[in-house]
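I opened this entry to go through the strands and their neighbours. Notes follow in the order I looked things up.

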Amino acid sequence: MTSADNSASNRYEFGANWASFIDRHYSIERRRVAGDKLLSFLGKESLEGMDFLDIGSGSGLHSLAAFDAKAERIHSFDFDPLSVRTTGKLRHLAGEPPNWTVERGDVLDVDYLEKLGTWSLVYSWGVLHHTGAMWQAIENAAHRVAPGGLFFIALYSSNVVKPSAQFWLDVKRRYNAAGPSKRRWMEYWYIWRFRLGRNPFRLPSLVKQVYEKKKGRGMSYMTDVRDWLGGWPMEFAEDQAVVDFLKERFDFELVRMSTGEACTEFLFRNPN
């Protein structure tokens, strides 16, 4: 993750959540699924001939997927030192390839970003809305896309959030202020109310959701629950506003968009 509000005492422990995910749930299957999902959304069979900038690498699983997809050059950075360390573990697992670098960095640090140059694929999934300055983060990241390059981002969407954006912002504040037992209670509350709809007969549907979470991006259901409840700082974006912003500021063309339960995935091309 990256953050403008990085000194806030109530900031969620993103890095700890991702470290736990890798320690408990990493597998060859999740690695394969993450790669398949990445290439599927890009509409590609491999990343040969491309380089990959992973902004807010988190667990490092998708940087690893880019490596498996034969990206020529990979650079992963994250604001959270524990996420940097976790991404480094996966780089080590890949044999510490010299074409893959991992370091601490901040998407809101323009000087840092300018030193990175431009990339044929800039990737940031579920990160930029956690910076405390989402639109600035989107703009900074977009500047790293090379002419003809692709920009793959995912943002929490205000189009689909229920009951309301303000409701969830309040939940996130309470979750981050809570101790371990209260947090666990809130996780069960969330699953009972919003995943089971207070109906125990929907349990088979929940089991299916858990399986599809693993199948979709190689993620863990409970890791994502904690990230959703705890993710702070946090902003929502209206889907069309994102498309309009990148068209007006950069003339980026929307290639593909996929809406989900919370995040909308966008794939843009820089035609310039």
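Which residue in β4 is the bridge partner of Asp 54? I found Tyr 123. The model I was reading is a predicted one.

I then checked the rest of the pairing with β4. Three bridges join β1 to β4 (residues 119–125), and the two strands run parallel. Leu 53 has Val 122 as its bridge partner in β4.

Next I looked at burial in β1, residues 51–55. I noted five of its five residues as buried. On one side these are Asp 51, Leu 53 and Ile 55, and on the other Phe 52 and Asp 54, so I recorded both faces as covered, taking under 20% relative accessible area as buried.

I turned to β2 (residues 73–78). Five bridges tie it to β1, again in parallel. Phe 52 is opposite Ile 74 of β2. Between β1 and β2 the chain passes through helix α3 (residues 61–68), and I logged this β-α-β crossover as right-handed.

I wrote down the whole sheet: open, seven strands, order β3-β2-β1-β4-β5-β7-β6, mixed pairing. At its edges are β3 (100–104) and β6 (253–259); each has a single partner strand, so one side of each lacks a neighbour in the sheet. From one strand to the next, I have the twist averaging 15°.

Last, I looked at helices on the sheet. Helix α2 (residues 28–42) packs there and touches β1, β4, β5 (145–156), β6 and β7 (263–269). Its direction is at about 55° to that of β7. Helix α11 (residues 239–250) lies across β5, β6 and β7, and runs at about 20° to β7.

Methods:
Residues numbered from 1 in each chain as written. Predicted model: local features only at pLDDT ≥ 70, side-chain atom pairs only at ≥ 80, totals over all residues. Heavy atoms only, no water. Buried < 20%, exposed > 50% of the residue type's maximum accessible area, 1.4 Å probe, protein only. Helix = DSSP H or I, 4+ residues; strand = E, 2+ residues; numbered from the N terminus. Pairing = 2+ DSSP bridges. Right-handed = clockwise from strand over helix to strand, strands pointing away. Axes fitted to C-alpha atoms, helices over the stretch in contact; angles between N-to-C directions. Contact = heavy atoms within 4.5 Å.
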